[in-house]
Each structure stands twice: as C-alpha cells, then as structure tokens.
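Welcome! Take a moment to look over the sequence and the 3D view, and then let us walk through them together.

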Amino acid sequence: MSALAGSAALALLELDASSIGPFLLSRPFVVGPLFGAACGRPWLGAALGAAVEAVTLRRLPLGGALGISAPVAAGAAAWLACGPAALAPEAAFLAGLGAGWAHGRVEAALRRLGGARVRRARAALAAGGEPGLGAAVLSALALQAAATFVVALAALRLGEPLARLWPLLPSAPREGARLALAVVPWFGAGRLAVSLARRA
Amino acid sequence: MRTFPSLFLRSLFLQAGFSEEARQALGFAWALDPALRAAYAARPEGLAEARARHLESFNTQPCASGLVLGTAAALEARFAAGDAASAPRAAALKGALAASLAGAADALFWGALRPLAAALAAAAALAAFAAGWPRPLALGVVLGLLAFNVPALAVRGVGVARGLARGEGAAVWAAALPVQPWIRAARLAAALAVAAAAALAWSDPRFSGSRALAAAAFAAGAASSWRRE
C-alpha cells in the first residue's frame with residue numbers, strides 16, 4: 001500500500017471517530033490489523049494496534065474531548081512498521097503516537113473554527129433564506145478528511161528518513177523504546193482489567 | 001412511518017461539523033430537518049423558527065441521540081399541528097434528555113462496550129490462532145465490532161422509534177430502563193475479556209515476549225489502577 005493510498009484510507013476511517021457513527025471502525029484494534037494486512041504483516045499491525053489501544057482506550061471522548069487521535073496513531077504506526085519504510089516497530093509506535101498527537105491539535109483547531117458554519121446557517125434563516133445544512137455537513141466532512149489526509153501523509157512520508165535515522169541513535173533510547181513497546185500493552189491491560197472489574 | 005429511516009440514518013452524522021461553540025448543533029439540525037419540513041409542510045412560516053430552535057448548542061452521546069431526535073420530531077409535529085405548548089417543551093426536554101442520556105450512555109458505550117469490543121477482538125483472534133482456525137484476526141475484529149455495534153444500533157433505532165411514537169413519554173420510558181445493571185454487566189464482561197486476552201497472549205511466547213516482563217507489567221498496571229480508584 002502506497003503512502004497516498006494509506007493516507008486516503010486513514011482519512012476515510014478517521015471520519016468514524018470524528019464525524020460518522022461511531023462504528024469503532026477507526027479503533028486501533030481494527031486499523032492496526034487492517035493496515036498490517038494491507039502491507040503483508042497483519043500480526044505486526046495488530047500488535048501495534050494493541051499498543052496504541054492500550055495508550056488511548058481509557059481516555060473517553062466525553063464532551064468531545066480530544067487527546068491522541070487513535071486511528072491516526074495506529075494507522076501511521078502500522079504503515080511505518082509494515083510498509084515499505086520497514087521502520088523498527090518501537091520507532092513506528094512512537095512516530096504513530098506523534099502523528100496522533102499532531103492530528104488531535106489539528107482537529108482542535110478545526111473545532112474552534114467550526115462554529116462559523118452554525119452562525120452562517122442561523123444568519124441565513126434570519127434573512128429568510130435556506131440554512132444550507134446539507135452543504136455545511138458535507139463541507140465539514142470534506143475538511144475533516146482533508147486534514148486527516150495531510151497529517152497522515154506527512155507522517156507516512158517521514159517513514160524513510162526515520163528508518164535511516166533510527167539506527168544512528170544511541171542504543172539507550174532505542175532499547176528504551178523497545179522496552180516501552182513490550183511493556184505498554186501489558187500495563188494497559190492490567191490497568192484496564194482492574195478498573196473495569198472494580199467499577200462492575 | 002417515513003420519518004424513522006431518515007432520522008435514524010441522519011443521526012449517524014450527528015458528530016459531523018462538531019464545534020466548540022455549538023457542539024453537535026449542526027448535525028442535530030441536519031438530522032431533524034426532513035422531519036421539520038414534513039411537520040411544517042402546511043405551515044411553512046413556522047419552519048424557519050423551528051430550524052433556528054434546533055441550531056442551538058447541543059451535546060449528547062451519539063449512540064443515545066436517537067431518543068432525543070425522535071422526541072424532538074414528535075413534539076415539533078404536535079406544535080406544527082396547533083399544540084402551542086409543544087415547542088417550549090421540546091426545547092426544555094431536548095436539553096434535559098441530552099444531559100441525562102449522555103451520562104448513562106457514556107458509561108455504557110465508551111466506558112464498557114468500547115473496551116469490551118477491543119478485548120473481545122484480541123481474545124477471539126488469539127483463541128482462533130491457537131486453535132489453528134483460518135483468518136483469526138479477521139474473526140476477532142468482526143466479533144469486536146459486533147459486540148459494540150449491535151447494541152449501539154439497537155439503542156439508536158429503538159430510541160428514534162420510541163421518541164417518535166411517545167413524544168415526551170419516551171423520556172419516562174427511558175428513565176425506567178435498568179441501565180445501571182447493563183453497565184455493570186458490560187464492565188464485568190469487558191474485564192473478563194481483557195483477562196482472557198492477556199492470559200491467551202501470555203501463554204504463547206510468540207506474543208508475550210519475556211513472560212516475566214509481561215507479568216510484571218500487567219501486575220504494575222493492575223496495581224496502578226487499584227491505587228488510583
């Protein structure tokens with residue numbers, strides 16, 4: 001799967017998290033294996049999806065709260081590790097989280113600007129016109145998908161430079177990142193199991 | 001009832017155009033628009049006011065939005081038919097329903113069914129892999145998606161139908177539902193699925209890596225959650 005195709009797929013899947021549904025098609029447990037399978041390494045994609053899930057699952061989107069974008073993080077991590085860049089999984093995991101964080105900031109900016117659509121609709125009604133609700137919804141979806149596409153493409157394009165730079169880093173941060181990737185899913189699973197059981 | 005399919009399908013776009021200023025107002029107004037146009041077909045002068053009423057700030061859990069949309073559509077239809085008290089009731093009830101439904105639905109869908117879906121996907125994929133079944137990952141993902149989407153779409157659809165049929169009576173019906181036992185059962189199922197997925201991964205060195213490290217990390221996560229809560 002090329003970077004362009006991966007970014008386009010991620011832009012569509014991310015709409016499930018932000019705009020349509022939700023059907024959970026954008027969760028890392030779907031996106032990780034899907035991107036891994038598209039690049040020929042489904043289990044590595046699934047493992048990275050599980051790691052991103054462990055980081056993002058406990059944060060609930062209450063009141064539209066934004067953190068790391070889970071679909072962008074999982075999709076970027078899986079593509080960087082399983083795709084042509086073949087980045088070390090621990091580096092892909094960190095790069096994916098970075099892409100997810102960047103997407104969260106972009107989406108926050110889109111949400112600050114989004115009130116203008118509602119104001120325009122109210123003004124059109126007050127002037128006796130049509131509010132253009134369908135066009136406003138369509139433009140919001142298109143802008144969201146375009147923003148995700150740009151962030152995802154930027155992250156995926158970083159794959160090859162990162163793959164060249166990563167081995168040049170001192171071994172301590174590389175080993176630390178490897179340990180973090182090995183530990184994160186287990187730590188997250190333990191935390192989640194106890195949290196759910198105590199509140200049951 | 002032609003309003004039902006339109007409200008149900010458009011409710012899936014409630015989050016589109018989410019903004020800090022008006023939250024889900026754009027998605028809500030767009031979802032309700034066909035119902036408003038039908039209700040005010042014989043009294044078009046009321047349509048603009050009705051549309052403006054539903055462009056006010058609105059926020060609820062998306063899976064629970066069906067009941068609010070159905071109730072609002074029913075009350076607007078009554079107002080358009082001459083019941084003058086229905087529009088103020090629709091506005092007040094919309095806000096109250098959105099807030100009360102969001103609390104329960106956040107806990108059920110985000111806090112319980114979402115982790116259940118992820119954990120069930122992992123546990124099913126690992127179990128199918130251990131059993132040598134074909135396409136274990138696809139099986140896990142499909143099961144996980146079903147665990148969330150069957151109840152989510154059912155709640156959305158029943159909410160739209162009850163709201164349309166009963167108007168404000170739907171709020172009384174919703175308040176009587178045993179939601180807290182559902183939430184506790186879903187959390188317990190999710191906790192068991194997480195434990196099952198962890199046990200299956202731990203039992204296979206291809207997934208666990210260092211077993212001692214995996215067990216220590218799981219125990220540390222459990223302990224951190226225990227202390228915090």
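This is a predicted model: local features need pLDDT of at least 70, side-chain atom pairs count only at pLDDT 80 or more; totals for chains, interfaces and linings use all residues.

Along the principal axes, the C-alpha atoms of chain A fill a box of roughly 65 × 45 × 30 Å. Of the 200 residues in chain A, 52% are buried. Among contacts in this chain with a separation of 6 or more, 75% join residues 24 or more positions apart.

Now for a pair of helices. Two packed helices are described by the angle between their axes and the distance between the axes. In chain A, the axes of helix H1 (residues 3-18) and helix H7 (residues 133-157) come within 8 Å and cross at roughly 135°. Because of that angle, H1(A) is oblique to H7(A). The crossing is right-handed. On the H1(A) side, the residues making the contact include Leu4(A), Ala8(A), Leu15(A) and Ser18(A), while H7(A) contributes, among others, Leu141(A), Phe149(A), Leu153(A) and Arg157(A). Sorted by class, the contact of H1(A) with H7(A) has twelve nonpolar, five polar and two charged residues.

Next, look at the nonpolar cores. In soluble globular proteins, nonpolar side chains tend to be buried together. The largest nonpolar core here has 60 residues, and those with the most contacts inside it are Phe29(A), Phe28(B), Leu32(B), Phe109(B) and Phe148(B). Helix H5 of chain B (residues 86-130) gives the most to this core, with 16 residues. Zoom in on Phe148(B): setting aside residues up to four places away in sequence, Phe148(B) touches Pro22(A) and Leu24(A) as well as several chain B residues, including Cys63(B), Phe109(B) and Trp110(B). Apart from this core lies another, of 34 residues, with Val31(A), Ala78(A), Ala92(A) and Trp166(A) among them.

Finally, find Trp43(A), in helix H3 (residues 42-56) of chain A. Is Trp43(A) buried or partly exposed? Its relative accessibility is 28%, so Trp43(A) counts as partly exposed. Leaving aside neighbours within four places in sequence, Trp43(A) is in contact with Ala125(B), Phe129(B), Pro136(B), Leu137(B) and Phe207(B). The C-alpha atoms of Trp43(A) and Pro33(A), which are ten residues apart along the chain, are separated by 6.5 Å.

Note on methods
Residues are numbered from 1 along each chain as its sequence is written. Chains are lettered from A and ligands numbered from 1 in the order in which they are written. Side-chain values use heavy atoms; hydrogens and water are left out. Axes are lines fitted to C-alpha atoms, for helices over the stretch in contact, and angles run from 0 to 180 degrees between N-to-C directions. Helices (H or I, at least four residues) and strands (E, at least two) are DSSP runs, numbered from the N terminus. Angles under 35 degrees count as roughly parallel, over 145 as roughly antiparallel, 65 to 115 as roughly perpendicular and the rest as oblique. A crossing is left-handed if the near helix is turned anticlockwise from the far one by less than a right angle, and right-handed if clockwise. Contact means heavy atoms within 4.5 Å. Ala, Val, Leu, Ile, Met, Phe, Trp, Tyr, Cys and Pro count as nonpolar, Asp, Glu, Lys and Arg as charged, and the others, Gly among them, as polar. A nonpolar core is a set of buried Ala, Val, Leu, Ile, Met, Phe, Trp, Tyr and Cys residues joined through side-chain atoms within 4.5 Å. Buried means under 20% relative accessible area, exposed over 50%, partly exposed in between (1.4 Å probe, protein chains only).
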